[in-house]
Amino acid sequence: AGPPPASQDAVLQALGVGAVRAEIVLLIDISGSMADNNLYAAVRQDVPAFLRVLAKQDPEDLVGVILFGSPGDDRVTDPGPPNPDIWLPPTPFSQETDFGYAFQLAVTMFQGAQNIKVGGVLLLSDGEVSMPFNDDPAYGSGFTAPGWKKLRGEVLDLRPKMTITGYDVPLTSNPAFVNNQQTALSHVFK
């Protein structure tokens, strides 16, 4: 017969969690393999729904969107309030998938953030990396390439003022492709 349980809002307020402004970067794979099994169609439906919920629950958060494939095909929407009316192409159109360059764009986005203490990267991909390592001098030759180490250092440099965590949102059950996402994220983000 103790006190009644606290509401979720009361707990969040007591912890100060609701007062922490976050910046979220959505990395959305637009390579051709995303058309398989209607993965991209699901992303086009789920991302606006996610942003709609976020706009209601955490309207003070900032959301940036990076559509990625081959470096020349990338599209960046600068961080702003959560907006479910985000433009997403009707179909995936890129020939390749370059996680390294997409992560570079995300890190650059965080470097411009002001008054943000928490950052999150949500990787929405099938995990099928098709960018030939030889075609990308910064991220080629696997995770030992200089670009990966540089990105990790830039994320660590942000740490005194901001903690950035990477999350993979696997869109496939293929263990190799899920591992591609987890491995790539862990080379740059917490």
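# Close-up views of the structure

**Strand 2 (residues 62-68) is mostly covered, with seven of its seven residues buried.** The structure is a predicted model, in which local features need pLDDT of at least 70 and side-chain atom pairs count only at pLDDT 80 or more, while totals for chains, interfaces and linings use all residues. Residues are numbered from 1 along each chain as its sequence is written, and side-chain values use heavy atoms, with hydrogens and water left out. In these legends, buried means under 20% relative accessible area and exposed means over 50%, with partly exposed in between (1.4 Å probe, protein chains only). Helices (H or I, at least four residues) and strands (E, at least two) are DSSP runs, numbered from the N terminus. In a regular strand the side chains alternate between the two faces of the sheet. On one side of strand 2, Leu62, Gly64, Ile66 and Phe68 are buried; on the other, Val63, Val65 and Leu67 are buried as well.

**Strand 2 pairs with strand 1 (residues 22-29) in the parallel sense, over seven bridges.** Two strands count as paired if DSSP finds at least two bridges between them.

**Ile66 is one of the residues that touch the most other members of the largest nonpolar core, which has 29 residues.** A nonpolar core is a set of buried Ala, Val, Leu, Ile, Met, Phe, Trp, Tyr and Cys residues joined through side-chain atoms within 4.5 Å. Leu27, Phe103, Trp148, Ile164, Val188 and Phe189 are named with Ile66 for touching the most other members. Two or more residues come from each of strand 1, strand 2, helix 3, strand 4, helix 4 and helix 5 (175-186). Helix 3 gives the most to this core, with eight residues. A second, separate core of 18 residues includes Ile28, Val47, Leu67 and Ile86. Contact means heavy atoms within 4.5 Å; leaving aside neighbours within four places in sequence, Ile66 has contacts that include Leu27, Arg75, Ala102 and Met109.

**Phe68, Phe99, Phe103, Tyr139, Phe143, Trp148 and Phe189 form one aromatic cluster.** Rings of Phe, Tyr and Trp (its six-membered ring) pair if their centres lie within 6.5 Å; planes under 30 degrees apart count as stacked, over 60 as edge-to-face and the rest as tilted. The whole structure holds six aromatic pairs. One of them, Phe99 with Phe103, is stacked, at 6.0 Å centre to centre and 5° between the planes. These two residues are four apart in helix 3, which separates them by about one helical turn. Phe99 is buried, at 3% relative accessibility, and Phe103 is buried too, at 0%. The rings of Phe103 and Trp148 have centres 6.0 Å apart and planes at 85°, so this pair is edge-to-face. Because Phe103 lies in helix 3 and Trp148 in helix 4, the pair ties together parts that are 45 residues apart in sequence.

**A salt bridge joins the side chains of Lys150 and Glu154, at 3.1 Å from N to O.** The term denotes a side-chain nitrogen of Lys or Arg within 4 Å of a carboxyl oxygen of Asp or Glu, and by this rule the count is one. The two residues are four apart in helix 4 (residues 146-158), so about one helical turn separates them. Lys150 is exposed, with a relative accessible area of 55%, whereas Glu154 counts as buried at 18%.

**Lys117 lies in the loop between helix 3 (99-111) and strand 4 (118-125).** Lys117 is exposed, at 60% relative accessibility. Not counting residues up to four places away in sequence, Lys117 touches Arg21, Lys161, Met162 and Thr163.

**Thr165 is found in strand 5 (residues 163-170).** Thr165 is buried, with a relative accessible area of 16%. Apart from neighbours within four places in sequence, Thr165 is in contact with Gly119, Gly120, Val121, Phe189 and Lys190.
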